[in-house]
Amino acid sequence: MRQNPPRSFWQSLVVRIPYAWLLALFLVPFLIVLKISLSQSAIARPPYTPVFDLAAGWHGIHAFFAALSFDNYVLIGSDPIYVVSYLKSVEIAAFSTLILLLVGYPIAYAIARTPRHWQAVLIVLTVLPFWTSLLIRIYAWMNILQRDGPLNALLVALSIVKEPPVWLSTNTAIFIGVVYSYLPFMVLPLYATLEKLDESLLEAAADLGCPRWKIFWLVTLPLSSSGIIAGVLLCFIPIVGEFVIPDLLGGSRSPMIGQTIWMEFFGNKDWPAAAAVAVVLVCLLVAPILVYQNQAMRAVERD
Amino acid sequence: MRKVSAVNLAAIAIGIAFLYLPIVILVIYSFNASRLVAVWGGWSTRWYAELMSDAPILDAAFISIRLALVSATAATILGTLAALALARFGRFRGRLLFAAMIYAPLVMPEVITGLSLLLLFVAFAAERGFWTVAIAHTTMAMCFVTVIVQSRLVGFDMSLEEAAMDLGATPFATFFAVTLPLTLPAIAAAWMLAFALSLDDLVIASFTTGPGATTLPIRIYSEVRLGVKPEMNAVCSIMVGVVGVAVIAASLLAKLSGGERAAPAQP
Amino acid sequence: MQSAGSKRGFAPWADPSVRPLLRLESLSKRFGGFTAVDHLSLDIYEGEFFALLGPSGCGKTTLLRMIAGFERPSTGRIVLDGIDLAPVPPYRRPVNMMFQSYALFPHLNVEANVAFGLKQEGLSKLEIARRVADMLALVKLDTFGRRKPHELSGGQRQRVALARSLVKRPRLLLLDEPMAALDKKLRGETRFELMELQRRLGLTFVIVTHDQSEAMTVADRIAVMDHGRLMQVAPPAALYEQPNSRWVADFVGDVNLFEGRLGDDGLSVEGTAAGRLRVAAKSEAEPGQVVWVAVRPEKLRIAPEQPLTGLDNSVAATVVDIGYLGDTSLYKLRIRDGSQIKAAVANVGRADGALALEQRVWLSWPPEAAIVLTR
């Protein structure tokens, strides 16, 4: 780390401006969510109570804290729909991340092994769908997975099935949508690590008598571990809170936690409950988020 | 020159096909004269024509583009400052928290960031509309910008900056004469990413928008959640086309201006 | 310490009335628990070609960077032209550095690179163009002005880096291993070009290198460093012929050391592996003190029989290794107590009279060929 010469005022602004922005617009909102989660829903503007009012003086502040309660958290703990929603989200996220790893690794590995000048093109091709809207791509899958859509047409034509099966509003559809959308997030970090892999290490292992599968297991896999961790975390954490994909492809019968928050907020207009669900979700994800941050910082320092 | 094995080739081919097939199908169906997916009614551009007279969609598109331009630019400026701070300012006080605030939004589920920002705006009785969404998008995108620009700055040959200072350039002059020109491709790529993120965003916009600021994704979503709509196919195909052209143009531009790569000089 | 051996009769360090251009006073640099430069004091004079020589990690590059202003000293002062450089940032010091990687700006062409420093000074466009053209002609790159760095060879890039620094007419030019990236032939040519340039422009150069022959070729004076400390500062010949310690004697070239005790007359050393040895010059050691007699390999005479005159130092040895280098032959020989001696012989003839492995010979040298080292 370079040593710090004294910074001029203008130079310190380089740090202070984005810092202030993030404090105000990232950190403070979290504190507000926490506060709202301790409030009650109300038919009012804003639709919760108590409202923090400095003008009410000490008495007002005292009353404010007295009105806070953990009711919403009790609700989450007692009503099974919430617990089921959390579990389903983690389940789906874990399973899809696994699929993503199994699908993404060969692709990343294959791209890393092509001649240099092809790699840039292939990476652009892999990332290009990401630049088109997620909504559009999921919508595209809605088209395909419809009862009378092309997928079923193909399956019936190939005599794989007799009756066109229902794809939409199933977990399978969610898996397809998630893997489709998050593939670049798995492939890119894996590719970045595999691309740096020193070929001569593999050649040395072969020279020392390792068969190909063993070389992969003993050399390639461990050396790409940082890419695997990055890819896994980059996919798992956001998938847990996904909204668009399960909403369009999975239906609302058995919602994931992102849908639950949405429904509490926009459907029931119960902001405090939504906030509480969000707080619990953040607590669930804190550990993997910290691991991801740690990993990301170390990767940067290493360079 | 490595040989590409058949397995590798197959993996890549299948992967690419998987990624592009749905989009291709979407575009094809946007030219389907029949309203129903099951029936192919022949090639037609009627949905595109209907699109042109659909005022709410066009309004939403216009708003989305303006929003994306504003938030992408703001996010790029803020994100570049943050990247500079992380890459060049050593261990300043509060660096750990700063870095945590940069990396957390990258993985945080959008419903959480959307919800928290809305609650912030409500708590400060801010009028929700175009600017609240713009602020929200800027905050979300700046973290991506920071990551991209920072990785470029970290891999930057420090001796170039030292050489500039040795030759008499103040840190300010060094940034504009040496660091910025060589980091420009990364900054441009980050801008484009921020633009795409804003244009595409549904969840955060839904939480933080207000009357009169309906973005394109919000409008598309409200139409399609009830089922497939052929006009939507047309809208989406246009967006895909625009993005495709833009990305290809950007890649060609990068290739043409390339040749001098600011990698550490080889002897 | 500095006797004869200055190359061109140029020896301002020996003249007490001349003030040094650069004075380093008890300079130290610590990185956490590691001391890179340890209370180093040095004077460098105007017009010198000064070399910092030492193994990797000895702190020479850190020292250079402190002079340039990229590292802040932990203790000590750097005084240039009588001015303390501590508060002066690198972009305001009249010192320029040529980086080991050359650090040419890849987005600017050769002319723009060379003009960069002049633009920072705010000179007129006309003046800048003139000085750039003159400098490019000086380094023989006049037709390369429009090219970009990636279109140049390694040697050409080096000359652009040199031109870029020199065009600002700095009081001091620092060169960080400037020839490390060049191949052997180019290195040889470039050395002489550098010396020529330095003499012509009358500038002061400080070069950092780990290559002894480079330092010996180009420098007026060499400072040998180890672990952040100065071991010896002297012109090349003095450094080679009068090293002040075993470490310096062994670092600069090869040396054979014979340990013994100084005799009463101060001109003989007793009890060495080669018996009683005579030296020609008195040293500051006390009789009875443990000293080492140092003899360079090229000063040893090899003969099949013991030399007749008893005044020369001599010892019997067996050839254990022969290294044929074309112009010289390097022999490793074993003497009675098992220790190894290195001898170098110019191949004056054509392989006649060459020695064979296991051959028994006698090594001898005159008293004036060796010196006594006390540490």
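Guide: Helices are DSSP runs of H or I with at least four residues, numbered from the N terminus. Please note as well that this is a predicted model.

Visitor: In which helix is the place of Leu182(B)?

Guide: Helix numbers are given from the N terminus. Residues 171-200 of chain B form one such helix, and Leu182(B) has its place there. The name of that helix is H8.

Visitor: Is Leu182(B) buried or exposed?

Guide: A residue is buried if 20 or more other C-beta atoms lie within 10 Å of its own. Leu182(B) has 21 other C-beta atoms within 10 Å, and therefore it counts as buried.

Visitor: How far apart in space are Leu182(B) and Met52(B)?

Guide: In sequence, Leu182(B) and Met52(B) are 130 residues apart. From C-alpha to C-alpha, the two are apart in space by 42 Å.

Visitor: Which element gives the most to the side of chain A that touches chain B?

Guide: The contact takes 80 residues from chain A and 70 residues from chain B. Among the elements that give two or more residues to the side of chain A are helix H1 (9-37), helix H4 (80-113) and helix H14 (271-302) of chain A. With 17 residues, the element that gives the most is H1(A).

Visitor: How many nonpolar residues has the side of chain A that touches chain B?

Guide: By class, this side of chain A has 13 polar and seven charged residues. The number of nonpolar residues is 60.

Visitor: Into which domains is chain C divided, and how far apart do their C-alpha centres lie?

Guide: Domain 1 of chain C takes in 12-94 + 170-246, and domain 2 takes in 254-373. Four residues of domain 1 of chain C are in contact with five residues of domain 2. Between the C-alpha centres of domain 1 and domain 2 of chain C, the distance is 34 Å.

Visitor: Which strands stand at the edges of the open sheet of six strands in chain C?

Guide: The order of the sheet is E6-E7-E8-E3-E9-E10 (chain C), with mixed pairing. An edge strand has a single partner strand, so one side of it is left without a neighbour in the sheet. In chain C, this holds for strand E6 (95-98) and strand E10 (229-234).

Visitor: Which residue in E8(C) is the bridge partner of Leu173(C)?

Guide: Strand E7 (residues 172-176) and strand E8 (residues 205-209) of chain C run parallel and are joined by four bridges. In E8(C), the bridge partner of Leu173(C) is Phe205(C).

Visitor: At what angle does helix H1 of chain C run to E7(C)?

Guide: Helix H1 (residues 60-68) of chain C lies across several strands, including E3 (49-53) and E9 (221-226) of chain C. Its angle to E7(C) is about 145 degrees.

Visitor: What is phi of Ala103(C), and is this residue buried or exposed?

Guide: Most residues other than glycine have a negative phi. Ala103(C), in the loop between E6 and helix H2 (110-121) of chain C, has a positive phi near 50 degrees. Because 28 other C-beta atoms lie within 10 Å, Ala103(C) is buried.

Notes. Residues numbered from 1 in each chain as written. Chains lettered and ligands numbered in written order. Predicted model: local features only at pLDDT ≥ 70, side-chain atom pairs only at ≥ 80, totals over all residues. Contact = placed C-beta atoms within 7 Å. Nonpolar A, V, L, I, M, F, W, Y, C, P; charged D, E, K, R; others polar. Buried ≥ 20, exposed ≤ 12 C-beta atoms within 10 Å, placed from the backbone. Domains from an automatic or database assignment. Pairing = 2+ DSSP bridges. Axes fitted to C-alpha atoms, helices over the stretch in contact; angles between N-to-C directions.
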